[in-house]
Amino acid sequence: MGWLSKLMSLGRPFWMLCTMEMWERLAYYGLRVVVGVYIAQADVPGGLHWTQADRAQIFFWWSIFQSVLPTFTGGIADRYGYKRTIFVSITLKLAGYLVMGTQREYWPFFLGALLLATGTALFKPGIQGSLAHNLKKEDGSLGWGIFYWLVNVGAMIGPPFAGWLRGENAWPWVFYGCAAIVSLNYLMLFTYEEPQSGYDTSKGFGEVMADTFKNFFEPRLLTFLAIMTGFWLMMYQLWDFHPFFITDWVDSRGVADALSIPDSWIEPGGTRGRQIGQEHILNLNAALIVLLVVPISWAVQKMKTLQAMLGGMVMATLGILVSGLTASGWVLLAGVLCFSLGEMLTGPKKSEYLG
């Protein structure tokens, strides 16, 4: 099939599910790329000004809930319905954003982060399970590439959206704006028919958990998870630690002057001259994926899945190493470029392989 014919054949549910993922990622990355700075950067106006240890503790448990819970929530989504699971996840995420935006004490803010993480852990199995049932094997490479593209459309819009909401001192509006965006998915639930998972709906909750544990310890899956854990560790270096590396160490004045960066992208109140806000520098990752991931997924659709993933992992590893080598803004951008190309090979192919 030709390019346009194949796009048309993917069907309405596929596009609706991708749109829901885009809204969810826009809200999530709009917050995630700036929330560490909000928590722990000492000189940011209106921030919490807690310690890096406080931030690390919050991020640790946030990651634990967000990454470990899908091990169990996937089976729940199969048994009790994808739409029902997504509805609960949207509600938890909405509550998480609002709690984090209104609380400036450690434990209430921590609770808000866990609510958001739990909602995300429920959202992923519902969306990706639905997509897996709506994609044929021959559509896998392109379909998951488009899905990954829309994920990064949201991720690309999120950081400047957060910067616009934040302004000088209006940090709470970042959280409120993200809550408003994710709530759009309540309406999206009415726009497509729920696919049937094929799971035995007569099984009780205990049987679902037993099946989950049985499947989890399948040797091939465990090996795959161990490998992908190493890959995604690099991604979170980029999103969780590079913001501080850029804010405190990277000199982006040359980039700002050479590319005529608009004043709205310049970090307000900076003490090191005309520096580009870290969220805009890291946004190159999402922007490159938006531009290139669909053509790349189309180009490698006949390539063996594991070969494509291995090549992507090598490129991503080089990118992370380069992006942390010096304080040069140009070298950092080169590293982000290399990492992004690797991510475009590995990310969609990972979903295709699992699907």
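## Cavities in a predicted model

The largest cavity is lined by Ser141, Ser297, Val300, Met344, Leu345, Pro348, Lys349 and Glu352. The model is predicted.

**Exercise 1.** Find how many cavities of 30 Å³ or more the model holds, and give the volume of the largest cavity.

*Solution.* Start with the count. Two cavities reach 30 Å³ or more. Then take the volume. The largest cavity has about 50 Å³.

**Exercise 2.** Which helix gives the most to the lining of the largest cavity, and how do the lining residues divide by class?

*Solution.* First, place the residues on the helices. Helix α14, residues 329-354, gives the most, with five residues. Met344, Leu345, Pro348, Lys349 and Glu352 are among the lining residues. Next, sort by class. The lining divides into four nonpolar, two polar and two charged residues.

**Exercise 3.** Describe the second largest cavity: its space, its lining residues and the helices that supply them.

*Solution.* Begin with the space. The second largest cavity holds about 30 Å³. Now list the lining. Arg32, Val33, Gly36, Val37, Phe59, Trp239, Asp240 and Pro243 surround that space. Then assign helices. Both α2 (12-40) and α10 (219-248) supply at least two residues each. Of the contributors, α2 gives the most, with four residues.

Note on methods: Residues are numbered from 1 along each chain as its sequence is written. This is a predicted model: local features need pLDDT of at least 70, side-chain atom pairs count only at pLDDT 80 or more; totals for chains, interfaces and linings use all residues. Side-chain values use heavy atoms; hydrogens and water are left out. On a 1 Å grid over the protein atoms alone, a cavity is a set of points where a 1.4 Å probe fits but cannot get out, and a pocket is an open set with protein on both sides within 12 Å along at least five of seven lines; lining residues have an atom within 4 Å of a point. Grid points are joined across faces, edges and corners, and a volume is the space filled by probe spheres set on the points. Ala, Val, Leu, Ile, Met, Phe, Trp, Tyr, Cys and Pro count as nonpolar, Asp, Glu, Lys and Arg as charged, and the others, Gly among them, as polar.
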